[in-house]
Amino acid sequence: MIYPGQDQRVIRIIKKIVRGLSYHHRVEDGIDDARIRVDVLRYAVPDDLWSTGTFHRRGSDIFRYWYKTFDHDDEKELSSLWILTFFDRTQFIGIVDLPSSCRF
């Protein structure tokens, strides 16, 4: 049995997807692997957060994702936040931290 949040192979692939989507949407490129944190989404996302990001869908029910970027002026130490949904059932959260040189 595979537990996606604990399997390093799955974590590595989700990190690559987040890195690729960040590049594709021109959020950021060349992200160091240590700056990306991913896990299975365990808690509900607050409704007011959904409206602040951007939704995208690839295929009818195969893959959809949502992301939000943060200004460096925010007090948050995040560059972007990603919610990835596979086959309408498995959700992951991806957090891209700011580079250490940009942190407050």
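**Strands and salt bridges**

Tutor: Strands β1 and β5 pair in the antiparallel sense, over five bridges. Strands here are DSSP runs of E with at least two residues, numbered from the N terminus, and two strands pair if DSSP finds at least two bridges between them. The model is predicted: local features need pLDDT of at least 70, side-chain atom pairs count only at pLDDT 80 or more, and totals for chains, interfaces and linings use all residues. Residues are numbered from 1 along each chain as its sequence is written, and side-chain values use heavy atoms, with hydrogens and water left out.

Student: Which residue in β5 does V40 stand opposite?

Tutor: In a regular strand the side chains alternate between the two faces of the sheet. In this model, V40 stands opposite F92 in β5.

Student: In which sense do β4 and β5 pair, and over how many bridges?

Tutor: Strand β4, residues 78-86, pairs with β5 in the antiparallel sense over eight bridges. Across this pairing, T85 stands opposite Q91 of β5. The two strands, β4 and β5, form a hairpin with three residues between them. In the turn, F87 has a positive phi of about 55 degrees.

Student: How many salt bridges does the structure hold?

Tutor: Side chains of opposite charge can pair when their charged atoms come close. The criterion used here is a side-chain nitrogen of Lys or Arg within 4 Å of a carboxyl oxygen of Asp or Glu. The structure holds seven such salt bridges. One of them links R37 with D97, with the closest N and O atoms 2.8 Å apart. Because R37 lies in strand β1 (residues 36-40) and D97 in strand β5 (residues 90-97), the pair ties together parts that are 60 residues apart in sequence.

Student: Is D97 buried or exposed?

Tutor: Buried means under 20% relative accessible area, exposed over 50%, and partly exposed in between, with a 1.4 Å probe and protein chains only. D97 is buried at 9% relative accessibility, whereas R37 is partly exposed at 43%. Elsewhere, salt bridges that share partners join K15, R19 and D33 into one network.

Student: What separates the closest N and O atoms of R35 and E28?

Tutor: In the salt bridge between R35 and E28 these atoms are 2.6 Å apart. R35 is buried, with a relative accessible area of 13%, and E28 is buried at 18%. Another salt bridge joins D7 and R9, with the closest N and O atoms 2.8 Å apart. There, D7 is buried at 12%, while R9 is exposed at 52%.

Methods. Helix = DSSP H or I, 4+ residues; strand = E, 2+ residues; numbered from the N terminus.
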